[in-house]
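Here are a few exercises to work through with the model open beside you. Try each task yourself before reading its solution.

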Amino acid sequence: MMASISTPTDTRRSSSGTPPKSGSRKDRSRLIAAAILGGLAVVFAVINRHEVKVNWLLGTWETPLIVVIGVSFLAGAAIGAFASRRRYRGGKKASTG
């Protein structure tokens with residue numbers, strides 16, 4: 001007698017025939033938080049449209065304050081990502097060696 005072969009079932013569908021939920025509660029919370037922070041960023045940008053004098057690496061000139069804040073944010077995010085990546089790589093090399 002042959003043994004029956006079982007095939008994996010699609011776990012995304014529920015047994016009741018109703019479609020699965022589109023996202024978890026955690027995903028919805030993150031989306032709501034991102035929308036609120038995005039809205040605050042837009043309000044902040046509209047409020048801070050005046051020009052400020054900035055000493056850039058290549059010279060000094062008038063720049064909208066929101067550009068200065070955006071450049072500072074991106075530079076900080078890039079430095080933070082680079083530092084955390086180096087820390088992760090360093091820890092991984094030390095544990096495998």
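## Exercise 1: Layout and confidence

From the N terminus on, the elements of the protein follow the order α-β-β-α. This is a predicted model, where local features need pLDDT of at least 70, side-chain atom pairs count only at pLDDT 80 or more, and totals for chains, interfaces and linings use all residues. Residues are numbered from 1 along each chain as its sequence is written, and side-chain values use heavy atoms, with hydrogens and water left out.

**Task.** Count the helices and strands in the protein, and find which element has the lowest mean pLDDT and which the highest.

**Solution.** 
- Step 1: the protein has two helices and two strands; helices (H or I, at least four residues) and strands (E, at least two) are DSSP runs, numbered from the N terminus.
- Step 2: pLDDT is the predictor's confidence in each residue, from 0 to 100. The protein averages 76, and 66% of the residues score at least 70.
- Step 3: among the elements, helix α2 (residues 65-96) has the lowest mean pLDDT, 77, while strand β2 (residues 59-64) has the highest, 90.
- A reading tip: where pLDDT is low, the predicted coordinates should not be read in detail.

## Exercise 2: The strand pair

**Task.** Work out in which sense β1 and β2 pair, parallel or antiparallel, and over how many bridges.

**Solution.** 
- Step 1: two strands pair if DSSP finds at least two bridges between them. For β1 and β2 there are six bridges, in the antiparallel sense.
- Step 2: look at single bridges. Val54 has Trp61 of β2 as its partner, and Trp56 has Gly59 of β2.
- Step 3: β1 and β2 form a hairpin with two residues between them.

## Exercise 3: Buried or exposed?

**Solution.** 
- Step 1: set the cut-offs. Buried means under 20% relative accessible area, exposed over 50%, and partly exposed in between (1.4 Å probe, protein chains only).
- Step 2: for the whole protein, buried residues make up 4% of the 97 residues.

## Exercise 4: Contacts

**Task.** Which residues do Thr63, Asn48 and Ile66 touch, not counting residues up to four places away in sequence?

**Solution.** 
- Step 1: contact means heavy atoms within 4.5 Å. With that sequence limit, Thr63 touches His50, Glu51, Val52, Val54, Trp56 and Val68.
- Step 2: under the sequence limit of four places, Asn48 touches Leu65 and Ile66.
- Step 3: with residues up to four places away again left out, Ile66 touches Phe44, Ala45 and Asn48.
- Step 4: Ile66 and Ile47 are 19 residues apart in sequence and 8.9 Å apart in space, C-alpha to C-alpha.
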